[in-house]
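Please open the model in a viewer and keep the selection panel at hand.

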2 protein chains.
Amino acid sequence: MSITVVGSVAFDSIETPAGRRDRCLGGAATYFSLAASFFTPIRVIAVVGDDFGPAEEAVFESHSIDTRGIERAPGKSFFWEGSYLDNLNEAKTHNTELNVFGSFEPKIPEAYADSEFLFLANIDPVLQRRVRQAMPQARLVAGDTMNYWIKDHRPALLEVLKGLDLLLINDTEARMLAGNPNLVQAARAVLALGPRSLVVKHGEYGATLFHADTPAIRGADLRVPAFPLEHVVDPTGAGDSFAGGFFGYLASQPALTPAAFRSAMFYGSVLGSFAVERFGTERLRQLTRPEIDHRFALFRELTHLD
Amino acid sequence: MSITVVGSVAFDSIETPAGRRDRCLGGAATYFSLAASFFTPIRVIAVVGDDFGPAEEAVFESHSIDTRGIERAPGKSFFWEGSYLDNLNEAKTHNTELNVFGSFEPKIPEAYADSEFLFLANIDPVLQRRVRQAMPQARLVAGDTMNYWIKDHRPALLEVLKGLDLLLINDTEARMLAGNPNLVQAARAVLALGPRSLVVKHGEYGATLFHADTPAIRGADLRVPAFPLEHVVDPTGAGDSFAGGFFGYLASQPALTPAAFRSAMFYGSVLGSFAVERFGTERLRQLTRPEIDHRFALFRELTHLD
């Protein structure tokens, strides 16, 4: 089943203890699409500027990602500059230029209208809601958000949450959204806002899956650690790659069973672990499905009793 | 097989968002002993003062813990006062009084001489080494340490590490000991200092087990998340309870197989999760083996694909 994703396609300048890259292809929709493309056909809705050329287009095409929904607008693409010099777990933002993304009006190609899976990456909740409403056929709708929308655009975000089946956010966002420092309590509060399922990402420590009907004694449905890596080059896009691996695997399954959600957590973690091994999208571009399956098997051994 | 543990038996005054307790029984050897006592006979070596009375003695006796190695010295027991008001993951120390612990000279009762398992809790590495040398029959020796010894008593600590089979420390300590921020690389460096196995505890995020012969591609032998808890009352003693559950389970097994080490990680995590549910040792005192086994089964479901 194909997934339609709406979100940012951008250029990033990144500095980490491993070095620096200027204006490499990035953005949540890019990482999500590349990671998910190993499992299922992907269609992107985004806006880019004149600086998005054949080289960038080729990255999507090489993974058979449908780019008919990537609008070209006069001006420059969204640009982000950040560093992780002191702490690989937290980016320090030096510069953000919205450029053409500042007036983004998502346009959904007719050809995308039969996507049964929809991912609303981290953008203005007003736009997330508009896209969701324009794709009524979507039967599993997942979304991401961030502290900025939680803090300053709460009413619009709450409207989006009502229409989501699945929310993927990180620890800090979950606690902020719920106003509760305990993760289990925060998860319950977030699920009460609409989503039937919630994935909370813990960065280098893994992720936790909650369902609205998880028994209280269990706290959560599934918790996976992160794959231990000897070389972390660039954490940018790890969360979006997790989301792509998770949702891509789910969309590739014949039925949305609890077991499918559980396996999806491990695939999400695997894709997140690959993403950080090189700068930007370098590792995801070269990744192969056999490498994914090999690491999935290793990861299973690493986390299971037998 | 019995375990002999040497470490602190203390009184703690603790404040957390859930409330406050004054002068409750604590200390690394106390938490370790209670947690491990559910699996195997425990013998303690420690020193206490006049304030250690029948009520405290009864806590050990009710778990059939051998206290013949707890020396009574004139003066007061080790006392620690701390709070976790802003952050449940990190204690803020307000007061530490070593008292009789300041001149602790571990004395090993004859009756302990056949213990094949020895746990050197976090004390001066000079004393850890002395106890290890006085118990040559011990065939599995595990130890803990902390930033103070790593920073200011490194030569003595390095001597201890040479004689350890297993080291249990936290993230920060592993990185500090190795001088390397990457956990996988840090683990390899620590294992090169002596121990054949290393458990790195990640607080609320679980723990990772490394063996000297773990294949490089895998990064670690096993990684467990932490059991998600809806109510964390007091984090004091969580790490020592993990160590007790881990080492206690291991000592109860007929053979020290890789599978036994892996199960021990899950038991460690389970005991750590119980410890934080009430103040001080309250939860461990009332805990039962069926409760442990029930949570172990839940934890397995929560972390395994099938």
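The stops below concern the pairing of two chains.

This is a predicted model, in which local features need pLDDT of at least 70, side-chain atom pairs count only at pLDDT 80 or more, and totals for chains, interfaces and linings use all residues. Residues are numbered from 1 along each chain as its sequence is written, chains are lettered from A in the order in which they are written, and side-chain values use heavy atoms, with hydrogens and water left out.

Select chain A and chain B. A rotation of 180° with 0.0 Å of shift along its axis places chain B on chain A with an RMSD of 0.0 Å (least squares on the C-alpha atoms of residues with pLDDT of at least 70 in both). The two copies are thus related as by a two-fold rotation axis.

Next, select the interface. Here 38 residues of chain B are in contact with 38 residues of chain A (heavy atoms within 4.5 Å). Because 100% of the interface residues of chain B are also interface residues in chain A, the copies meet through the same surface. About 3,400 Å² is buried between the chains, 51% of it from carbon and sulfur atoms (accessible area, 1.4 Å probe, lost on being put together and summed over both parts).

Now show B:Glu204 and A:Arg175, whose side chains form a salt bridge at 3.6 Å, N to O (a side-chain nitrogen of Lys or Arg within 4 Å of a carboxyl oxygen of Asp or Glu). Across the interface, the rule finds eight salt bridges.

Finally, select helix 11 (289–303) of chain B, one of the elements that give two or more residues to the side touching chain A (helices are DSSP runs of H or I, at least four residues, numbered from the N terminus). Helix 11 of chain B gives the most to that side, with seven residues.

Notes:
Buried area is the accessible area (1.4 Å probe) that two parts lose on being put together, summed over both.
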